[in-house]
Amino acid sequence: MKNNQNTLPSLNSKISQLTFLRGIARLVQVFLIPLVLVGTLSFCGEKKSVSTEESTDVPVDISAKGKTIMAVFAHPDDEIYIGPLMSKYAREGATVQLVTVTDGRYGTGQTDLQPGDELTALRHEEVNCAAENMGLEKPIWMGYHDQLKLKDGFFGHVPYIQEIMRKLDSLVIDIEPDVIITWGPDGGSNHMDHRLVGASITQVYLSKSRIKPLSLYYVATPASHIKNEDERLLAGISDDFLTTEIAYSEEDRENTIRAFQCYRTQYSEESMKRMAGRLRSGDQKIYLRPVLKAKNKKNNLFLIDGE
């Protein structure tokens, strides 16, 4: 009995100590932890702000050396639209391969020539001249008829465009580009050949998964750059979609102007001067819309990617 009496005060003392420690723990839980959380969130916010500023001020430097760009356009002279971009990347060490799908036989332009082989031979020389001025590889001249046999109706045009698609697929396999650039659904000017060629290389791109990463871009005119409402509807692309802007140098601009001057069959001296003036007074950027792959599959039309 004596031992029990001696033990009881000791036990009571331990219980009191435990109660006291629990009280301290409760105070920490109620007051200290929220303070720590507030401090942590504030720190993360500050860190995020710094990170954002860093990503804005310090551009990612990815070398163009060893990269390959494949530019696919309908006619000789279409490539001028992205001329400064091609000149820039060729100058920085990329291989830039222009593919011209049609022979431009109906583009009589400034000549007295009739549509036909004599004119196509001149246009072939012109595109080679333009590519040389921009520092590109010798263009691949596919030589398909201008207007892609649309006048021949379904049974004339469809087998023709299918042959073009198969040939484009073979070229992609042979060239192994990192990037393909072409016309989007607007075709720049709504030209049927522009739109059909853009749609054809797009189908080639979308038709299969590839071992080597490959990106597809549509070149476009920002809607904000077009004042006329009707023209904006027909040929403008909302700035929200144009998530890639490529700035170029004065050297690239002047290379493009010299390339444009190769197209004597298509443009008068006055037209060339006007184009040069527009390039020199512009914002020195090429705008593109990437064809993006969804990161995840979804089972709801109204689920926004990333949610």
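**Figure 1. C129 is partly exposed, with a relative accessible area of 29%, and C262 is its disulfide partner.** The model shown in this and the following views is predicted. A disulfide is a covalent bond between the sulfur atoms of two cysteines. A search of the whole structure turns up one such link, with the sulfur atoms of C129 and C262 2.0 Å apart. The two cysteines come from distant parts of the chain, 133 residues apart. C129 belongs to helix α3 (residues 117-134), while C262 sits in the loop between α8 and α9. The angle about the S-S bond is -60°, which makes the link left-handed.

**Figure 2. The largest pocket holds about 1000 Å³ of space.** Its lining is made up of 37 residues, and those closest to the centre are I80, Y81, T221, M275 and R278. Several elements each supply at least two lining residues: the helices α5 (187-190), α6 (192-206), α8 (250-260) and α9 (269-281), and the strands β6 (221-222) and β9 (285-290). By residue type, the lining divides into 15 nonpolar, 14 polar and eight charged residues.

**Figure 3. F73, Y81 and W183 are joined into a cluster by ring pairs.** A pair of aromatic rings is described by the distance of the centres and the angle of the planes. The structure holds five aromatic pairs, one of them formed by F73 and W183. Their ring centres lie 5.3 Å apart with 80° between the planes, and the pair counts as edge-to-face because that angle is over 60°. F73 and W183 are both buried. Y81, the other member of the cluster, is also among the residues closest to the centre of the largest pocket.

**Figure 4. F154 and F155 form an edge-to-face aromatic pair.** The ring centres of F154 and F155 are 5.1 Å apart, and the planes make an angle of 80°.

**Figure 5. H157 is placed in helix α4 (residues 154-175).** With a relative accessible area of 11%, H157 is buried. Q147 is 10 residues away from H157 along the chain, and the C-alpha atoms of H157 and Q147 are separated by 9.3 Å.

**Figure 6. Helix α2 (residues 83-91) is mostly covered.** Seven of its nine residues are buried, namely G83, P84, L85, M86, S87, K88 and A90. Although K88 is on that list, its side chain also takes part in a contact with a ring: K88 lies over the face of Y89, at 5.5 Å from the ring centre. Just after the helix comes G93, with a positive phi of about 110°.

**Figure 7. The charged end of K151 sits over the ring of Y106.** The distance from the charged end of K151 to the centre of the Y106 ring is 5.2 Å. Another lysine placed over a tyrosine ring is K88, which lies over the face of Y89.

**Figure 8. E176 and N190 have positive phi values although neither is a glycine.** Most residues other than glycine have a negative phi, and most peptide bonds are trans. For E176, phi is near 55°; for N190, phi is about 70°. Where do E176 and N190 lie? E176 is in the loop between α4 and β4, and N190 is in helix α5. E176 has a relative accessibility of 49% and N190 a relative accessible area of 28%. Both values fall between 20% and 50%, so E176 and N190 count as partly exposed. The helix that contains N190, α5, is one of the elements that supply at least two residues to the lining of the largest pocket.

Technical notes:
Residues numbered from 1 in each chain as written. Heavy atoms only, no water. 1 Å grid on protein atoms, 1.4 Å probe; cavity = no way out; pocket = protein on both sides within 12 Å on 5 of 7 lines; lining within 4 Å. Points joined across faces, edges and corners; volume = space filled by probe spheres on them. Helix = DSSP H or I, 4+ residues; strand = E, 2+ residues; numbered from the N terminus. Nonpolar A, V, L, I, M, F, W, Y, C, P; charged D, E, K, R; others polar. Buried < 20%, exposed > 50% of the residue type's maximum accessible area, 1.4 Å probe, protein only. Disulfide = S-S within 2.5 Å. Phe/Tyr/Trp six-rings, centres within 6.5 Å; stacked < 30°, edge-to-face > 60°. Lys NZ or Arg CZ within 6 Å of the ring centre and 35° of its normal.
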